[in-house]
Amino acid sequence: MTVKASPQKLTPAYNPIKFIYDSTNKNLPGFKYIFQVFEGGTANQIAEYRVLPVYSTGYGLIDLSRLLQSQVSYDFEPTNTTVYDATNSHYKYDVKIGEEYLTTTTFTSAMTQYVTAPYAGKVRLNGANTFAVGDQIVVTQTGAGVANANLDGLYTVLVATPTYIVINFLWSSITNAGKDVEVTYADGRKTTTYAIVSALNYYVFNGAMPWVDFPTWDMNEYYLTNITDKFLTTCPDTFYCTLSEDLWMNAVYGGPGPGTHKIIFKNDAGEIFEKSVSATDHVTGNAVGPNNHGVLTPIVGVLPLIKPTTESYTYYYEHNGNQVTQPYTVMIDRRVRMEEITIAFLDRFGSWGSFAFTGRIYERGTVQREQYNMDVQGYINSTPEW
């Protein structure tokens, strides 16, 4: 069993997630590949598929995107101003690949006549086997040489030993005793082998790339190892926000691994601040918005990050003192606002951006009034008076 293709270790769940394998047994009768999918690092099996070989290649191909989409959703903590484990935004899985095929015994030694009563005159197939008397079997002639007429078909095992079996076919009908035969069980009994090879420690996240962009997906751009890497977001590297807007940017915390993780903030006055990232999951959500960047520690300058004169600030991810993402710049929108309503939205890679609506607010409604006649029952008092 060999791998022909597999997805990257981290892929968006809403795009194709294809595993392709090849087996040397793919031409055996009744052959199927067996794909078992497990929660990563556990024995918790979430799915099992039996897949026919692809017609043109014989490969076993499966797309797990539909299955893995059901394992992710999103993480939204609107009061968070630090960092959180984005547990629902990603999923770790393992794939184990096996195979099954019809249990086949090949007899290559020449056939002979059985001479012991009561089955004298029947055909004896010579070779190692595990059949038992009474087994229903299917005989198929293979290999070179002229086939024996009417030999292919369904039979009952009359005599069984570890070295030969006798079937209910007349020896007098055999014209080529040297013809090889393959024998399978009539009930389609199969030889099954699970987990011949394994694909371990794969991840999906709640992302969806446009079809035309997916061929250029490169997980290494998000694994936080150099200055050009990115947060797990489709937000641009420069955008406008009002002072009331929140932002939570997901990051592949498990990319750089253990160490000191921080978010660094710099305003346009050259002041520098930091915030520790203490979450531990493979993907984390980090609060970086004007309204929710939280408590920062000054490195250069004095708090706060955003002062009345601040026009912009930049943030990036730092690991063990090294910048491991590109910088993202937030331009402060200080235009006069009549009202302000902020709507958070989930972007294509699972991070949370926002839009601020600062114009006049209109509210429209419809009132439906119903009129009807009603008999007021009332009462009669002692006068009597109604």
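1. A quick term before we start: a residue is partly exposed when its relative accessible area falls between the buried limit of under 20% and the exposed limit of over 50%. Keep in mind that this is a predicted model. Phe76 has 37% relative accessibility, so Phe76 counts as partly exposed. Trp352, at 8%, counts as buried.

2. Now look at those two rings together. Phe76 and Trp352 make a tilted aromatic pair, with 4.5 Å centre to centre and 40° between the planes. Phe76 is in the loop between helix H1 and strand S7, while Trp352 is in strand S27, so the pair ties together parts 276 residues apart in sequence.

3. On to the core. The largest nonpolar core has 26 residues, and Phe231 is among those that touch the most other members. Strands S17, S18, S19, S23 and S25 each give two or more residues to this core. A second, separate core has 23 residues, including Phe35 and Ile62.

4. Phe231 also belongs to an aromatic cluster with Phe265, Tyr313, Tyr315, Tyr317 and Tyr328.

5. Last, some charges over rings. The charged end of Lys9 sits over the ring of Tyr202, 4.2 Å from its centre, and Arg189 lies over the face of Tyr185, at 3.9 Å from the ring centre.

Note on methods. Residues numbered from 1 in each chain as written. Predicted model: local features only at pLDDT ≥ 70, side-chain atom pairs only at ≥ 80, totals over all residues. Heavy atoms only, no water. Core = buried A, V, L, I, M, F, W, Y, C linked by side-chain atoms within 4.5 Å. Buried < 20%, exposed > 50% of the residue type's maximum accessible area, 1.4 Å probe, protein only. Helix = DSSP H or I, 4+ residues; strand = E, 2+ residues; numbered from the N terminus. Phe/Tyr/Trp six-rings, centres within 6.5 Å; stacked < 30°, edge-to-face > 60°. Lys NZ or Arg CZ within 6 Å of the ring centre and 35° of its normal.
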